[in-house]
Each structure stands twice: as structure tokens, then as C-alpha cells.
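Please look over the fold before reading on. The notes below work from the whole chain down to single contacts.

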Amino acid sequence: MSETLTASEQTDAIGPGRLILVVGPSGAGKDTLLGLARAACVEDSNIVFPRRVVTRVASAAEDNIAMSTDEFRRALDHGDFAVHWEAHGHAYALPVEINDDIRAGRTVVANVSRTVLDDLRRAYANVVVVAITAPPEVLAERLAARARVSDGNISERLDRSVGASADVTIVNAGSAEYHGRHLVRVIRNECWHE
């Protein structure tokens, strides 16, 4: 697995809006909780859920913009991405428009690789990292049920830790609706401690 990052070069941290970064292992339910949060926040124009650009076909559980490797390179050369990284043989990016949203004071919520966290904490003034995880047996079951070829070797995926310095951790082992509400409270900057 190769993971690299190139963040947009910034002289000053971008703000005043908030950047909520969701990280976690494959099978933790990040896309499920993000979908529930997006639905709960649909009426709030100050909360933005940008679509990631990915060099693989999006699944039913993801709302990504699929690009070929060549299209991705052209977009990167054109400056279309705020940040990009590689993981599991694919390239990922967030659109540069998130910078305008954050400068306008909006909250941007995105699923990213843990490898980009340090660079994003430097580039943006108000960053909150939310780690979504689940017990190993739950992760293994979810990955096996998903049976997505791009997930690679399940045991290797389970051996990796998120290793991120999260501000909030959600252990997604119970009701997705309950944990989705927890994520919404974090996004809305409400008290997330129970």
C-alpha cells in the first residue's frame, strides 16, 4: 500500500470555517454515518459535504466522483484539488472549492486518509478529527460482507491502526442512527461528550 500527500501550499491557515475530518479503518461505517449526518444537515447551507474524487468506480455506499488516472492527473495539474493522497492503489482528492466554503465560515465535512491529517491541521485554522472505528471482529465481518476487490487482503487491513490523534472517537458497533446523531452533534459544534 502506498500513501502519499500533497496539500495545497498555504501561507496562512484557512479559516474561519471548520474542517471536520472523518478517519477510520475500512469497515468502520464511515460512509454510513456520513450519509446519515448529510441527511440530518441537508437544510443547513452552512454545512458542506464535498464529494471526494477517487480513481475507482464509486460504490452504492459512497458518493464519490470517479475519475480515470489520467483525468485525475490533469485535474491535479490544473489545481482543482485542495488536497490529494494515494491509498490502496487509488488516488483520492478533495475539491479546491472547500477553501472558499471555509473562508466563508461554513463547516466542511470530509472522509480522508489519516496520512493527510498533519498537513490539513497546518493548512486550516479550525480542524476537528473524528475517528470512527469498530471492534476488529465487526470490521472483519463488514469487510467480508462488502467483498470489494479494492479492499485487498482483509487481515492486512485489520492489522493497520488508524493511529490518528483524534479529537473525537466514535465506536460504531451499535445503532448506526445513534452514532450518526453523535457525528451530527460534532459537526454542529454541540457538546459531544455524554
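The model is predicted: local features need pLDDT of at least 70, side-chain atom pairs count only at pLDDT 80 or more, and totals for chains, interfaces and linings use all residues. Residues are numbered from 1 along each chain as its sequence is written, and side-chain values use heavy atoms, with hydrogens and water left out.

**Whole chain**

- The protein chain holds 7 helices and 10 strands. Helices (H or I, at least four residues) and strands (E, at least two) are DSSP runs, numbered from the N terminus.
- Of its 194 residues, 42% count as buried. Buried means under 20% relative accessible area, exposed over 50%, and partly exposed in between (1.4 Å probe, protein chains only).
- Take the contacts in the protein chain with a separation of 6 or more: 70% of them come from residues 24 or more positions apart. Contact means heavy atoms within 4.5 Å.

**The sheet**

- An open sheet is built from 5 strands in the order β3-β8-β2-β9-β10, with parallel pairing. Its edge strands are β3 and β10, each pairing on one side only.
- Strands pair if DSSP finds at least two bridges between them. β3 and β8 pair in the parallel sense over 2 bridges.
- Ile 47 has Thr 107 of β8 as its bridge partner.
- α1 packs on the sheet and touches β2, β8, β9 and β10. The direction of α1 makes about 155° with that of β8.
- α7 also packs on the sheet, touching β2, β3, β8, β9 and β10. The direction of α7 makes about 170° with that of β10.
- For these angles, axes are lines fitted to C-alpha atoms, for helices over the stretch in contact; angles run from 0 to 180 degrees between N-to-C directions.

**Helix α1**

- α1 spans residues 30-40, and its buried residues are Lys 30, Leu 33, Leu 34 and Ala 37.
- Seen down the axis of α1, these residues fall within an arc of 100°, so they line one face of the helix. The arc is that of the directions from the helix axis to the C-beta atoms.
- The buried residues of α1 pack against β2 (18-23), β8 (107-111), β9 (127-133), β10 (168-171) and α7 (176-187).

**Helix α7**

- α7 has 12 residues and reaches 16 Å from its first C-alpha to its last, close to the 16 Å expected at 1.5 Å a residue. The expected span is 1.5 Å times one less than the number of residues.
- Its buried residues are His 179, Gly 180, His 182, Leu 183, Val 184, Val 186 and Ile 187. Their cover includes α1 and β3 (47-48).
- At the start of α7, a side-chain oxygen of Ser 175 comes to within 3.3 Å of the backbone nitrogen of Glu 177.
- Asn 189 follows α7 and has a positive phi, near 65°.

**Loop residues**

- Asp 167 sits in the loop between α6 (154-159) and β10. Asp 167 is partly exposed, at 38% relative accessible area.
- The side chain of Asp 167 reaches the backbone nitrogen of Val 129 at 2.7 Å. A polar contact of 3.2 Å joins the side chains of Asp 167 and Arg 121.
- A polar contact is a pair of N or O atoms within 3.5 Å; within protein, one must be able to donate a hydrogen and the other to accept it, and residues adjacent in sequence count only if both atoms are side-chain atoms.
- Ser 113 lies in the loop between β8 and α4 (117-123). Ser 113 counts as buried, at 9% relative accessibility.
- The side chains of Ser 113 and Thr 115 are joined by a polar contact of 2.8 Å.
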